[in-house]
Amino acid sequence: MKGRFLATCCALTIALVVQATAQGAPRTAAKDPKSISQCILGNPQARLRVGVRHHARPFSYHSSTLNEVLTAATPGPLAASNYTGYVVKICDAVLNEMRIGSETMAPLQSNDVSILDIDCAQSASLGEAGSRFRFINGSEKPLIDVLCDPATITNDRRTGMMISAPIYLTGVSYITPKNMQRPRVPSDDGHCPSFLPPGSDKIFYLFGMVGNTTAAGDGVRAVLDADELPNDRDALIEFLKETDKCSGAATTAALETGIQGRGPVRFFRTHAEAARAFCNQEIYYYVGDREIITANAASVPGCDFDNGTRTFTTDRYAIFGRIDYNEKDRALLVARFFEVLSQKIVSHPSILDQAFYDTFHPTRPTDALDFFFRSVRGAP
């Protein structure tokens, strides 16, 4: 009887994922500003609108690989649409719990949830400009109610938002190509980084990072404060001061090649793009939250790297939400989401432990991360 039940569950799980694959995921490079509707799965006016990422592995991303999506738990609406990752698994577990309902609220149905692919929407609306938080708390009409991505808690994000307890501890780090010495770059000789070095067939930048992330500013400052890269100190200071003598050349390069950069730093729209450039040796230092940069580089076949073990900041991820009290039903659902999330964090086993195991197994949490989990959910 037990074997028959497990077989039925597995068949149902695979059917859900195959069905989602057949429907297709939102495109991530839509160019038409009017095509943001292509980035939404489900009814745009659904009772609860959830935002996820396409390229923020290992925390929130789209995958067509079943073993990345499936877990021991029943797949929720996000997994059924082939979204996965540590943060997504947490959100899906909460959404599944809400399907049960409560004394004061009807059960959440699958068609009550819509999904916005944030990376797709970024490309469809403003390209590289603007923070993803504008989709939940911007001046325009919000498109989502809950943001399920690796979002760092910062002071400016606390205004007008609901914020969960911290769910993950990380920090900014960097990786370099394995067995490769730091090359001389145009800026070493007083030239602009967007100029081609002699004998090179590619535009080379010393640093690469994703724009509009915490790493783009705070991470560089932290690396400087640690005196980690003394040979590049002056160039990074110029980057932070935004006194870029190469702005004209960078603008020309952006128009001709689509490459965006300032000083020694090249900006990317997504970590998938940054990882490909890093593995193609178009940048030397790939900077960002440690787990994100290492996971994205590791996903590129044949890409080997060094470093990535030390962090220079202490960043805590949380799940962010927004309550509009003018929409009573939606406001109650968002409040219920955060109520269930809070309960599942401190339950035993905690949702944090299960999501970590499903995402990172067989890797064990570092001592710092294990201590963080204990401080949030208590000792087992």
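Select strand S11 (residues 205-210) and strand S13 (residues 265-268) to begin: the two run parallel and are joined by four bridges. Keep in mind as you go that this is a predicted model. Within this pairing, show methionine 209 and look across to S13, where phenylalanine 267 stands opposite.

Is threonine 176 buried or exposed? With a relative accessibility of 6%, threonine 176 counts as buried. Show its surroundings too: leaving aside residues up to four places away in sequence, threonine 176 touches Phe278, Tyr284, Tyr285, Phe305, Asp306 and Asn307.

**The three-stranded sheet**

Move on to a second sheet by selecting S3, S4 and S5. These three strands form an open sheet in the order S3-S4-S5, with antiparallel pairing. Strand S3 (55-56) and strand S5 (83-84) are the edge strands, and each pairs on one side only. Zoom in on S3 and strand S4 (residues 60-62), which run antiparallel and are joined by two bridges. Here alanine 56 has serine 60 in S4 as its bridge partner.

The model has 19 aromatic pairs. Start with phenylalanine 59 and tyrosine 168: their ring centres are 5.0 Å apart and their planes are at 75 degrees, so the pair is edge-to-face. Phenylalanine 59 sits in the loop between S3 and S4, while tyrosine 168 is in strand S9 (residues 168-170), so this pair ties together parts that are 109 residues apart in sequence. Both phenylalanine 59 and tyrosine 168 are buried.

Which kind of aromatic pair do tyrosine 168 and phenylalanine 373 form? The pair is edge-to-face, at 6.5 Å centre to centre and with 70 degrees between the planes. Because tyrosine 168 lies in strand S9 and phenylalanine 373 in helix H14, the pair ties together parts that are 205 residues apart in sequence. Tyrosine 168 has a relative accessibility of 1% and counts as buried. Phenylalanine 373 is buried, with a relative accessible area of 1%.

**A pair of helices**

Let phenylalanine 373 lead you into the next stop. Select helix H13 (residues 351-360) and helix H14 (residues 367-377), which pack at an angle of about 150 degrees with their axes 10 Å apart. That angle makes H13 roughly antiparallel to H14. To view the contact itself, show Leu352, Asp353 and Phe356 on H13, then Leu369, Phe373, Val376 and Arg377 on H14. Sorted by class, this contact has five nonpolar residues, two charged residues and no polar ones.

**Arginine 322**

Now centre the view on arginine 322, in the loop between strand S16 (315-321) and helix H12 (328-346). Arginine 322 is partly exposed, with a relative accessible area of 25%. Which residues does arginine 322 touch, not counting residues up to four places away in sequence? They are Ile136, Asn137, Pro142, Asp145, Gly160 and Val334.

**Zooming out**

The protein chain has 14 helices and 16 strands. Of its 380 residues, 50% are buried. Among contacts between residues at least 6 apart in sequence, 72% join residues at least 24 apart.

Note on methods. Residues are numbered from 1 along each chain as its sequence is written. This is a predicted model: local features need pLDDT of at least 70, side-chain atom pairs count only at pLDDT 80 or more; totals for chains, interfaces and linings use all residues. Side-chain values use heavy atoms; hydrogens and water are left out. Axes are lines fitted to C-alpha atoms, for helices over the stretch in contact, and angles run from 0 to 180 degrees between N-to-C directions. Angles under 35 degrees count as roughly parallel, over 145 as roughly antiparallel, 65 to 115 as roughly perpendicular and the rest as oblique. Contact means heavy atoms within 4.5 Å. Ala, Val, Leu, Ile, Met, Phe, Trp, Tyr, Cys and Pro count as nonpolar, Asp, Glu, Lys and Arg as charged, and the others, Gly among them, as polar. Two strands pair if DSSP finds at least two bridges between them. Rings of Phe, Tyr and Trp (its six-membered ring) pair if their centres lie within 6.5 Å; planes under 30 degrees apart count as stacked, over 60 as edge-to-face and the rest as tilted. Buried means under 20% relative accessible area, exposed over 50%, partly exposed in between (1.4 Å probe, protein chains only).
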